[in-house]
Amino acid sequence: MSEVTITRPFISWYCINQFVIDKSRQGSVRISKFINHEQADGRTWLCDVYVERGFRHQGIAHRLIETAIRVARKHGATALYLYCYKGMFPFYESLGFRATGAENPNVPEGQKPQYEMMVPIEDYLRQLPKK
């Protein structure tokens with residue numbers, strides 16, 4: 001991934017300020033602020049973080065998430081939230097996210113639970129190496 005690109009492919013019936021970041025063969029991430037949806041509480045959500053298997057463990061997800069956080073901040077977000085499986089906690093904790101204790105209420109019965117994590121954007125930016 002040489003450069004991170006940002007696109008706003010659509011504004012759907014339930015999202016405003018939705019961006020897809022670097023939708024390439026290597027990976028992508030989406031940030032969304034929901035309206036007309038169960039999660040329409042004014043919070044900004046990190047969604048669909050994905051890196052192709054052959055490109056993992058190269059820092060791509062970290063770069064995608066850093067860009068997502070900067071875009072969210074530019075659009076007024078003060079924190080970024082996500083849902084993930086417990087097995088992903090160490091990865092997100094390495095980026096400054098912390099578990100809130102809330103469980104995703106929209107996971108269908110019988111499926112693996114997902115848990116809410118969040119990071120205050122200014123805290124995240126403060127911990128980045130100075131350029």
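Let's start with Ala79 and what it touches: beyond its neighbours within four places in sequence, Ala79 is in contact (heavy atoms within 4.5 Å) with Thr44, Met118, Val119, Pro120 and Ile121. Before I go on, this is a predicted model, where local features need pLDDT of at least 70 and side-chain atom pairs pLDDT 80 or more, while totals for chains, interfaces and linings use all residues. Residues are numbered from 1 along each chain as its sequence is written, and side-chain values use heavy atoms, with hydrogens and water left out.

Is Ala79 buried or exposed? Its relative accessibility is 11%, so Ala79 counts as buried; the cut-offs are under 20% relative accessible area for buried, over 50% for exposed, and partly exposed in between, with a 1.4 Å probe and protein chains only. Ala79 and Tyr124 sit 45 residues apart in sequence, yet 9.3 Å apart in space, C-alpha to C-alpha.

Now to the rings. There are 5 aromatic pairs in the structure, meaning Phe, Tyr or Trp rings (for Trp, the six-membered one) with centres within 6.5 Å; planes under 30 degrees apart are stacked, over 60 edge-to-face, and the rest tilted. Trp45 and Tyr81 have ring centres 5.7 Å apart and planes at 45°, so this pair is tilted. Both Trp45 and Tyr81 are buried, and together with Tyr83 they form one aromatic cluster.

Phe91 and Tyr92 make an edge-to-face pair, 4.9 Å centre to centre with 75° between the planes. Which of these two is buried? That's Tyr92, at 8% relative accessibility, whereas Phe91 is partly exposed at 22%.
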